[in-house]
Amino acid sequence: MTVVSVSMPEELLERIDQFADEHGYTGRSEVVREASRNLLGEFEDKKLEDRELIGVVTVLFDYESSKVEHRMMNLRHEYEDLVASNVHNHVGDHYCMELFILEGSLTDISTFVGKIRATKDILSVDYSVMPIDDVGTIA
């Protein structure tokens, strides 16, 4: 197996080690491999291909990181055909939350989420997607 070197904050490394211990993983490499497989497989759901989707993306970042806020604004404009709505909210003393409501294809939504995840200083990205034609049929 190939060895890969990855840089990450000490706090994240400690969380990975704690997670590995608490959930019976053999070590941090096993946790990182599983997380990588899950991330890469997220948007490979064949049931969602070729369907119009709605999505919600929530982004959390420190408000003192003005570059993140600027990047979110640029993404809103770059993807104006995908972003149906956007809300910016202050959370706690030091954080901002961006909420994006999206309408588009799996490819477009996954590209948008990927660009957000690739933005430096993002603390958290969460999302969900659902086919538009399923709206109203979920019990």
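The largest pocket in this structure holds about 1,300 Å³ of space. Before going on, a reminder that this is a predicted model.

What lines that pocket? The lining of the largest pocket is made up of 25 residues. Those nearest its centre are Leu 12, Arg 15, Ile 16, Ile 122 and Leu 123. In terms of elements, helix H1, residues 10-23, helix H2, residues 28-41, and strand E4, residues 122-131, each give two or more residues to the lining of the largest pocket. Which element gives the most to it? That is H2, with seven residues.

Now the second largest pocket. Its volume is about 380 Å³, and 13 residues line the second largest pocket. Closest to the centre there are Val 4, Val 6, Arg 28, Ser 29 and Val 32. Both H1 and H2 supply at least two residues each to this lining. H2 gives the most here, with five residues.

How do the residues of this second lining divide by type? Eight are nonpolar, three are polar and two are charged.

To put the helices together: H2 is the element that gives the most to the lining of the largest pocket, and H2 also gives the most to the lining of the second largest pocket. H1 gives two or more residues to the lining of the largest pocket and at least two to that of the second largest pocket.

Definitions and conventions
Residues numbered from 1 in each chain as written. Predicted model: local features only at pLDDT ≥ 70, side-chain atom pairs only at ≥ 80, totals over all residues. Heavy atoms only, no water. 1 Å grid on protein atoms, 1.4 Å probe; cavity = no way out; pocket = protein on both sides within 12 Å on 5 of 7 lines; lining within 4 Å. Points joined across faces, edges and corners; volume = space filled by probe spheres on them. Helix = DSSP H or I, 4+ residues; strand = E, 2+ residues; numbered from the N terminus. Nonpolar A, V, L, I, M, F, W, Y, C, P; charged D, E, K, R; others polar.
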